[in-house]
Amino acid sequence: MPEGPEIRRAADRLHEQLAGRRLESVWFAFPELAAEADSLVGREVTAVDSWGKALLTRFDDGRVLYSHNQLYGVWKLHDAEREPDTERSLRVRLTAEGRSASLYSASDVSLWPAERLAEHPFLSRLGPDLLTHGVTPELAVARLSEPRFVRRRLGGLLLDQAPFAGIGNYLRSEILFFAGLPPTARVVDLSDERLEGLARTILAVTRQAYDQAGTTNRNDWVIKARRQGESPRLCRFAVFERDGRPCHACGTPIERRMVASRRLYLCPTCQGVWPIVR
């Protein structure tokens with residue numbers, strides 16, 4: 001399942017395809033949306049952004065098209081005259097000034113007034129998006145320090161979309177490794193310095209994954225791993241899916257564990273000994 005950085009990159013591609021252009025045709029497979037299609041013709045797409053794993057296509061009349069790809073959905077970008085080569089089921093098609101964006105195989109699509117997005121049953125449960133909502137280290141520290149989060153173990157908390165939207169399984173492992181923390185640590189256990197470091201790591205690792213198309217590893221470690229013949233996928237990560245291989249930092253074999261019902265990878269040396277200050 002793609003995580004926040006991948007969804008934001010998809011939003012960027014949709015934005016480039018449609019933003020600043022007026023819709024020439026709109027088609028929905030869903031009856032409740034089909035009645036709204038004609039009312040969107042002539043409207044300008046002002047932006048496409050993301051919130052967690054949801055895409056938000058914004059129109060100049062204040063409405064927003066919410067879509068969630070779930071497991072199988074995919075947006076395809078194409079010229080209006082050129083049908084994509086796919087056997088998937090078409091769910092949404094937006095065409096603006098000769099450019100089309102077609103959503104296939106997704107079932108979670110709805111149209112909302114922008115001022116009511118916070119009432120959406122999925123979005124209302126999400127924290128701020130790490131790539132869209134301007135989260136700063138100070139805001140991240142404040143978010144993690146909320147009473148409802150401080151006593152939860154980080155291994156489960158980071159996957160919960162309530163503190164921040166967009167962190168999934170590979171980001172969780174990579175964030176904890178670069179923060180030097182085990183999944184059993186809690187916010188309440190951390191010194192102010194360690195908490196600030198965690199907040200900065202959350203933002204930095206997520207931003208790098210966005211900037212580098214899913215790569216979270218250090219560049220020098222990537223180069224070394226490639227020279228040693230590791231696969232391109234494994235080179236992308238510091239610990240994720242590297243169980244049994246030596247830690248880039250210390251050489252200890254990376255371990256795989258099940259944490260919050262999901263696989264997590266860690267270095268027992270780099271993340272195993274740390275001071276509890278509070």
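Predicted model: local features only at pLDDT ≥ 70, side-chain atom pairs only at ≥ 80, totals over all residues.
**Arg21**

Let's start with Arg21, which sits in the loop that links helix H1 (4–18) to strand S1 (23–28). Arg21 does have a polar atom in its side chain that lies 3.4 Å from the backbone oxygen of Glu16. Setting aside neighbours within four places in sequence, the contacts of Arg21 include Glu16, Glu97, Arg43 and Arg99.

**Helices H4 and H7**

Next up is a pair of helices. Two packed helices are described by the angle and the distance between their axes. For H4 (residues 137–144) and H7 (residues 192–211), the axes come within 9 Å and cross at roughly 115°. The crossing of H4 past H7 is right-handed. Here is who meets whom:

| Helix | Residues that meet the other helix |
|---|---|
| H4 | Pro137, Glu138, Ala140, Val141, Leu144 |
| H7 | Leu195, Glu196, Leu198, Ala199, Arg200, Ile202, Leu203 |

**Leu234**

Last stop: Leu234, in helix H9 (residues 232–235). Why does Leu234 count as buried? Because its relative accessibility is 11%, and buried means under 20%. Leaving out neighbours within four places in sequence, Leu234 is in contact with Phe240, Glu241, Arg242 and Arg245. Thr215 is 19 residues from Leu234 along the chain, and their C-alpha atoms are 9.6 Å apart.

Terms used: Residues numbered from 1 in each chain as written. Heavy atoms only, no water. Helix = DSSP H or I, 4+ residues; strand = E, 2+ residues; numbered from the N terminus. Polar contact = N/O pair within 3.5 Å; in protein donor to acceptor, adjacent residues only side chain to side chain. Contact = heavy atoms within 4.5 Å. Axes fitted to C-alpha atoms, helices over the stretch in contact; angles between N-to-C directions. Left-handed = near helix turned anticlockwise from the far one by under 90°. Buried < 20%, exposed > 50% of the residue type's maximum accessible area, 1.4 Å probe, protein only.
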